Amino acid sequence: MDERLKVKLGNWELDNPIIPASGTYGFGYEFCEFYDINILGSIATKGTTLEPRFGNPTPRIAECTSGMINSVGLQNPGLDEVINVEFKKLAEVFHKKVVANVSGFSIEEYVECAKRMDACDIVGIIEVNISCPNVKHGGMSFGTDPKAAYEVTKAVKDVVKNKPVYIKLSPNVTDIVAIAKACEEAGADGISMINTLLGSRFDLKTGKPIIANVMGGFSGPAILPVALRMVYQVYKAVNIPIIGIGGISKAEDVIEMMYAGATAVQIGAENCRNPYVCKEIIERLPQLMDELKINTLQEIIGRAHV
Amino acid sequence: MKSIQNYEVLSNEYLALDIYKMVLKGDSSWITNPGQFVNITIENAYLKRPISICDWDENSITIIYKVVGFGTKQLSQKKVGDVIECLVGLGNGYDIENINEPVLVVGGGVGVPPIYGLAKSLVKKGVDVTAILAFNGQENAFYLKEFEDLGVKLHVCTMDGSLGTKGFASDVMKNENLCDMLYMVCGNVPMMQSVFKASNHNGLLSFEERMGCGFGACMGCSCKTLTGYKRICKEGPVMKSEEILWTKD
């Protein structure tokens, strides 16, 4: 382990800033066949709802230039199963704390999920997803209005006593800074950003949508500049840590994201394309830091603003 | 065991309309069952392309694929000696370990390749194999000789009647009294559904879906079954007829 990669996310010291993003890494153990997942900074676990969900009809995946659209729709086995089965299985192979991603269709559901996650030893951060583009009535609708974002954050913060609460923001908004500020004002301990961008693809031969739900969340290297811009804007406006997400596929992208203001990063779509990507980034970072004359990652957070 | 491996193209030949056969030199030790697949890296494409294994020996794997778009078009242009990268060790495949009774294998179109590996494995075990190969027409047909060489009882049918019997695989089943056999099928959904309905026996069916990762992480290819939600790439692609949600009528 390289000490120079350590970052402090609030009071939590991560061995490195690399965290696989929710929804692209399951509950971790699928990746044990490829490498020892304990090299990761942490893992953001699959978005969890109170009740089990199958999610959306298939096809759920469409390829794009430098990215992909998914419309999985929060498929997950439900809060009880996640806590009693998935977290236990994960704890057998992963010995660090996780970022527990929760979602809901009402404020009450977010509150219940967050409250239960607050009592789990394995949970380091509760990540409240108010930005899923793939579910109706809920998900993103809480993340596109500052007032609704404030209310969810406040309600969750009122019941969560132990763990830091991070709010995962949607880029599908006019002013992400206003949403981030509302979350901070409501007591959020940090911001995760960005979730996917809404997108569509159509079949050239049939003219029909490729995704059964027509629209889905676009992610992959193509969205990196959007994520960098938004992290930069939000870093300027808030005083809580940011986990930078969106289009990261290599060590260089991690450095850029940290310059923009991220304390840690999440890697999403790239895990689907290359199951080894997180390992490759962690191994490449020290070398890249030498090339760029960077001593520690902690010291480059927000460098773009200096 | 899943891993990323490089394979050298030994041959890449045209078999039938839009259908190509590629033999790749490299590791086959990960193959535990016929019907498993590889996920092939394509230059300038974001996602890999899942293609089933048709045949293998100690030092090579054979895939047969249909050119349907950008990715498979590129595959068809690969030359002998080119190297392609594959994520291997994917899918459950057909579990034939405890199969001793006669088996009806049914392949439709580009569903024929995994059925070849399956038939070959069954024959090797000493199982009595009857095969139905179904194509749209003669121009789409391939691998008839290879199936004949396995020594299986072979039936061929086409939609337009240009080769073999005119009609569906399920018509052949009815006409040849094959409806009471254990069946193993791979093809498009309407074809597999007609086999499922025509049969009085249980069977194994191999499904296809647009995939994100191919190894169970993204939930992109999930389906509902009587035994819960399954990922086509991980718990599948082969499902038991007892667990799928279709009805006989």
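Helix 2 of chain B runs over residues 112–124, 13 residues in all, and spans 18 Å from first C-alpha to last, close to the 18 Å expected at 1.5 Å a residue. (The expected span is 1.5 Å times one less than the number of residues; helices, H or I of at least four residues, and strands, E of at least two, are DSSP runs numbered from the N terminus.) The model is a predicted one, with local features needing pLDDT of at least 70 and side-chain atom pairs counted only at pLDDT 80 or more, while totals for chains, interfaces and linings use all residues. As for bookkeeping, residues are numbered from 1 along each chain as its sequence is written, chains are lettered from A and ligands numbered from 1 in the order in which they are written, and side-chain values use heavy atoms, with hydrogens and water left out.

Back to the helix. Helix 2 of chain B is mostly covered, with 10 of its 13 residues buried. Here buried means under 20% relative accessible area, exposed means over 50%, and partly exposed is in between (1.4 Å probe, protein chains only). Among the buried residues are V112(B), P113(B), P114(B), Y116(B) and L122(B). The cover over them includes strand 4 (49–57), strand 5 (60–66), strand 7 (103–108), strand 8 (129–135), helix 3 (144–150) and strand 11 (182–186) of chain B. (Contact means heavy atoms within 4.5 Å.) After helix 2 of chain B comes G126(B), with a positive phi near 90°.

K120(B) is partly exposed at 32% relative accessible area, whereas D55(B) is buried at 14%.

Elsewhere in chain B, T158(B) sits in strand 9 (residues 153–158). With a relative accessible area of 0%, T158(B) is buried. Leaving out residues up to four places away in sequence, T158(B) touches F135(B), N136(B), G137(B), Q138(B), L163(B), T165(B), K166(B) and G167(B). A polar atom of the T158(B) side chain lies 3.1 Å from the backbone nitrogen of G161(B). Beyond its neighbours within four places in sequence, Y14(B) is in contact with I19(B) and Y20(B).

Turning to the interface, 34 residues of chain A are in contact with 29 residues of chain B. The two chains bury about 2700 Å² between them, 58% of it on carbon and sulfur atoms. Buried area is the accessible area (1.4 Å probe) that two parts lose on being put together, summed over both. E33(A), F54(A) and R273(A) supply 25% of the area that chain A buries against chain B, more than any other three residues. The polar side of the story is 15 residue pairs in polar contact between the chains (both at pLDDT 80 or more). Strand 4 (61–64), strand 5 (67–70) and helix 7 (269–273) of chain A each supply at least two residues of the side of chain A that touches chain B. Helix 7 of chain A gives the most, with 5 residues.

K2(B) lies in the segment before strand 1 of chain B and E33(A) in the loop between strand 3 (18–20) and strand 4 of chain A, so the pair joins two chains. K2(B) counts as buried at 10% relative accessibility, while E33(A) is partly exposed at 24%. K234(B) also forms a salt bridge with E33(A), with the closest N and O atoms 3.8 Å apart.

Definitions and conventions. A salt bridge is a side-chain nitrogen of Lys or Arg within 4 Å of a carboxyl oxygen of Asp or Glu. A polar contact is a pair of N or O atoms within 3.5 Å; within protein, one must be able to donate a hydrogen and the other to accept it, and residues adjacent in sequence count only if both atoms are side-chain atoms.
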